[in-house]
Amino acid sequence: MGEARFGQLFIDGEWVGGQGTEQITVVNPATEEPIGYVPQATPADVEHAVAAARTAFDSGPWPRMTPAERAEILAEMAAELQRRRPELVELSIAEAGSTRMLAEFLQVGAPIDHLADLATRVLPKFDFETAMLPTFGRGIGQGIVVREPFGVAALITAFNFPLFLNLFKVGPALAAGCTVVLKCSPYTPFEALVLGEVAEAVGLPGGVLNIITGDADAGEALTRHPDVDMVSFTGSDTVGRKVYEQSTGTFKKVVLELGGKSANILLEDTNLDLVMESVLSGFVTHAGQGCALMTRILVHRSLHDELVARVKGALDYIKVGDPADPSVAMGPLIREVQRERVEALIRAGLDEGAQLAYGGGRPAGLDKGYFLEPTLFVGVDNSMKIAHSEFFGPVAVVIPFDDDADAVRLANDSVYGLAGGVWSADPLRAYAVAKQIRTGMVVVNGGGGGLSPHGPFGGYKHSGLGREFGEHGLSEFLQHKTIQWPAG
């Protein structure tokens, strides 16, 4: 990404300086060294971006293109991102603290592949007009249901998987024919701004995609703006509640992808050799900074001690350090404030009487960077704070259960409902348990080994409203209109 872009916003198809004087320094979380800066968007910058998106929607070509025409441009965007994939991997490592393997697969590879799938498989076959059954009453009528773009969409994303989250909102919003103002996390703005360069490269019309940087004040200016028709937000449930409240004054549609405290259930016939990768990745992946990670390990009482011993042994081989090193398995938390939040929850767990089976401190020899040891709690009761609060850090709790009904009860005893897992030698039994879990996604025996672009992603309860990915994500950005006429 060009150095000149570090201090600019992308509005109405052009790179512009922020109208204020305040800047945000972007830091590598593994080294604590600055890697660039971006503007703190002012209310005037937000107004500029919304006005550009409003004009592009009301009078520009994008909403009036055919789906096939939009699909062609989105496919070009995916191809341009694929061309720049090595650069984006390095950016994810430096900006988000992602390990190289995670950057290759999930941070960068998956969202690019999903955008290409949206452009080449979903959008060309999507029904934007559906015939209604004939109606009978005083006469015979016919009609269609038309799905039309919602309008100006404000997209607000989090820091943990920047390109992933940005593309899973920008892609379907543009596919639907909406125009967009993307407000990224101030911690990870470059993986948003690079989309402006991609928009330039493929000739996206001006004002269709606008990208601003800034803090919560910039986000609130978007969520309250009367010319914004809908908001799609990814972040914590605490902030999501504020976004929802801010949007009610102008009756915006709101899509929320929020937190989780997902349970990985190990029934008594689980093969522990098969489950170890899932258990470890549930809290070690990206230092636990993932909303769908399974940080509650619910294990049948007969397997509890053996599982804990195996996890402790495996954690000895998890190398923590600078993710630029290919041998590192777990990188840093995003900032010091996040590390302090996780450490405060660890102390709360100890105060409640839980025991540390592993970790709990800062790794020796890593004086720079926001690192924390992978941490495992045992002796946990589901009523404890550490059992129901989202750490967003590399911490898991192990909770034993007695039978399938007990496992389901514990899994559902949460304000969250985003994801979960069930393991059993009997897949039908695991499936029966999975159907009882009140979450938006459940993985049985490890799932299919990949992230499906066609499975709706989103949560129950405090984990959010609406769905993302594929056809379901596209539908969220569409209004439904009924058009009827007489048959005779």
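**Ground rules**

I am working with a predicted model, where local features need pLDDT of at least 70, side-chain atom pairs count only at pLDDT 80 or more, and totals for chains, interfaces and linings use all residues. Residues are numbered from 1 along each chain as its sequence is written, and side-chain values use heavy atoms, with hydrogens and water left out.

**Entry 1: aromatic rings**

I started with ring pairs. Rings of Phe, Tyr and Trp (its six-membered ring) pair if their centres lie within 6.5 Å. Planes under 30 degrees apart count as stacked, over 60 as edge-to-face and the rest as tilted. By this rule I get 9 aromatic pairs. I looked up Phe10 and Trp15: their ring centres are 4.9 Å apart and their planes stand at 50°, so the pair is tilted.

Are Phe10 and Trp15 buried or exposed? Phe10 is buried, and Trp15 is buried too. I use buried for under 20% relative accessible area, exposed for over 50%, and partly exposed for in between (1.4 Å probe, protein chains only).

Next I noted a cluster. Ring pairs link Phe161, Phe164, Phe168, Phe457 and Phe469.

Where is the place of Phe469? I found Phe469 in the loop between strand E22 (464–465) and helix H15 (470–475). For these names, helices (H or I, at least four residues) and strands (E, at least two) are DSSP runs, numbered from the N terminus. Phe469 counts as buried, at 4% relative accessibility.

Ala287 has a positive phi near 55°, and it is a residue other than glycine. I located Ala287 in the loop between helix H9 (272–284) and strand E14 (296–300). Ala287 is buried, with a relative accessible area of 1%.

**Entry 2: Gly464**

Gly464 is found in strand E22. At 9% relative accessibility, Gly464 counts as buried. Which residues does Gly464 touch, not counting residues up to four places away in sequence? I listed Leu256, Leu258 and Gly459. Contact here means heavy atoms within 4.5 Å. I also checked Gly464 against Pro427: they are 37 residues apart in sequence and 29 Å apart in space, C-alpha to C-alpha.

**Entry 3: salt bridges**

A salt bridge is a side-chain nitrogen of Lys or Arg within 4 Å of a carboxyl oxygen of Asp or Glu. How many salt bridges does a search of the whole structure find? The search finds 23.

- Glu148 bridges to Lys481, with the closest N and O atoms 3.1 Å apart. This pair links distant parts of the chain: Glu148 is in strand E7 (residues 140–149) and Lys481 in strand E23 (residues 478–486), 333 residues apart. Glu148 is partly exposed at 28%, and Lys481 is partly exposed at 38%.
- Arg310 bridges to Glu306, with the closest N and O atoms 3.2 Å apart. Arg310 and Glu306 are separated by about one helical turn because they are 4 residues apart in helix H10 (residues 304–315). Arg310 is partly exposed at 29%, and Glu306 is partly exposed at 40%.
- Glu343 bridges to Arg362, with the closest N and O atoms 2.7 Å apart. Glu343 lies in helix H11 (residues 336–352) and Arg362 in the loop between strand E15 (355–358) and strand E16 (375–378), so the pair ties together parts 19 residues apart in sequence. Glu343 is buried at 14%, whereas Arg362 is partly exposed at 41%.

Then I noted the network: salt bridges that share partners join Glu268, Asp269, Asp404 and Arg429.

Two packed helices are described by the angle between their axes and the distance between the axes. Axes are lines fitted to C-alpha atoms, for helices over the stretch in contact, and angles run from 0 to 180 degrees between N-to-C directions.

I looked up helix H4 (residues 100–122) and helix H5 (residues 162–176): they pack at about 10°, with axes 8 Å apart. That makes H4 roughly parallel to H5. Under 35 degrees counts as roughly parallel, over 145 as roughly antiparallel, 65 to 115 as roughly perpendicular and the rest as oblique.

The contact residues of H4 include Leu106, Val108, Ile112 and Leu118. Those of H5 include Phe164, Leu167 and Phe168. I sorted the contact residues into 13 nonpolar, 3 polar and no charged. Ala, Val, Leu, Ile, Met, Phe, Trp, Tyr, Cys and Pro count as nonpolar, Asp, Glu, Lys and Arg as charged, and the others, Gly among them, as polar.
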